[in-house]
Amino acid sequence: MTMGTFGFMAPEQRDDAVRAGIPADIFSIGATLLSLLIGRPPADIPSGLEALSTTLPLSLSQLLMRSTLSQPDRRHASVSQLTRALRSSLTVLPEVPKGTPSLHIPIRAIKSLPPARPTLVLPEE
């Protein structure tokens, strides 16, 4: 069974949604951020660091590329690790000029988030 929006799903989630785990979530977060920052759905975004680095700062391009790698074991190991990398990457972004479309407002919201805390993991039943 497949669950999710195709362009935002990790490859392993397309194969077996039940067995998809944190790496699939990392992929989806990366695909969502990429889509928000570029302004196009993931399927319409050119692949490759060269294409991204012409639009986004290099550190952010590298973070998004790593988050959306097809190999789950090469992505960020946890949401906390991704959050730390994202915070570090956001320090290189220029201030958003007045009158910028609201698509860029999430960047300001992310910058103002408190430091990441460990999430509660419930035991399996």
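Modeller: Helices (H or I, at least four residues) and strands (E, at least two) are DSSP runs, numbered from the N terminus. On that basis, the elements of the chain run α-α-α-α-α-α from the N terminus on, which comes to 6 helices and 0 strands. This is a predicted model, where local features need pLDDT of at least 70 and side-chain atom pairs count only at pLDDT 80 or more, while totals for chains, interfaces and linings use all residues. Residues are numbered from 1 along each chain as its sequence is written, and side-chain values use heavy atoms, with hydrogens and water left out.

Colleague: What share of the residues counts as buried?

Modeller: Of the 125 residues, 26% count as buried, where buried means under 20% relative accessible area, exposed over 50%, and partly exposed in between (1.4 Å probe, protein chains only).

Colleague: And which residues have the most contacts inside the largest nonpolar core?

Modeller: That core has 13 residues, and those with the most contacts inside it are Leu 34, Leu 56, Leu 60, Leu 63, Leu 64 and Leu 86. A nonpolar core here is a set of buried Ala, Val, Leu, Ile, Met, Phe, Trp, Tyr and Cys residues joined through side-chain atoms within 4.5 Å. Helices H2, H4 and H5 each supply at least two residues of this core, and the largest share, 5 residues, comes from H2.

Colleague: What does Leu 63 touch, leaving aside neighbours within four places in sequence?

Modeller: With those neighbours set aside, Leu 63 is in contact (heavy atoms within 4.5 Å) with His 76, Leu 82, Ala 85, Leu 86 and Ser 89.

Colleague: Changing topic, where is Arg 75?

Modeller: Arg 75 is in the loop between helix H4 (58-67) and helix H5 (79-90).

Colleague: Why is Arg 75 classed as buried?

Modeller: Arg 75 is classed as buried because its relative accessible area is 2%. A polar atom of the Arg 75 side chain lies 2.7 Å from the backbone oxygen of Leu 69. Beyond neighbours within four places in sequence, the contacts of Arg 75 include Ala 10, Glu 12, Pro 23, Phe 27 and Arg 66.

Colleague: One more: which helix holds Ile 29?

Modeller: Ile 29 is found in helix H2 (residues 22-38), and Ile 29 counts as partly exposed because its relative accessibility is 31%.

Terms used:
Polar contact = N/O pair within 3.5 Å; in protein donor to acceptor, adjacent residues only side chain to side chain.
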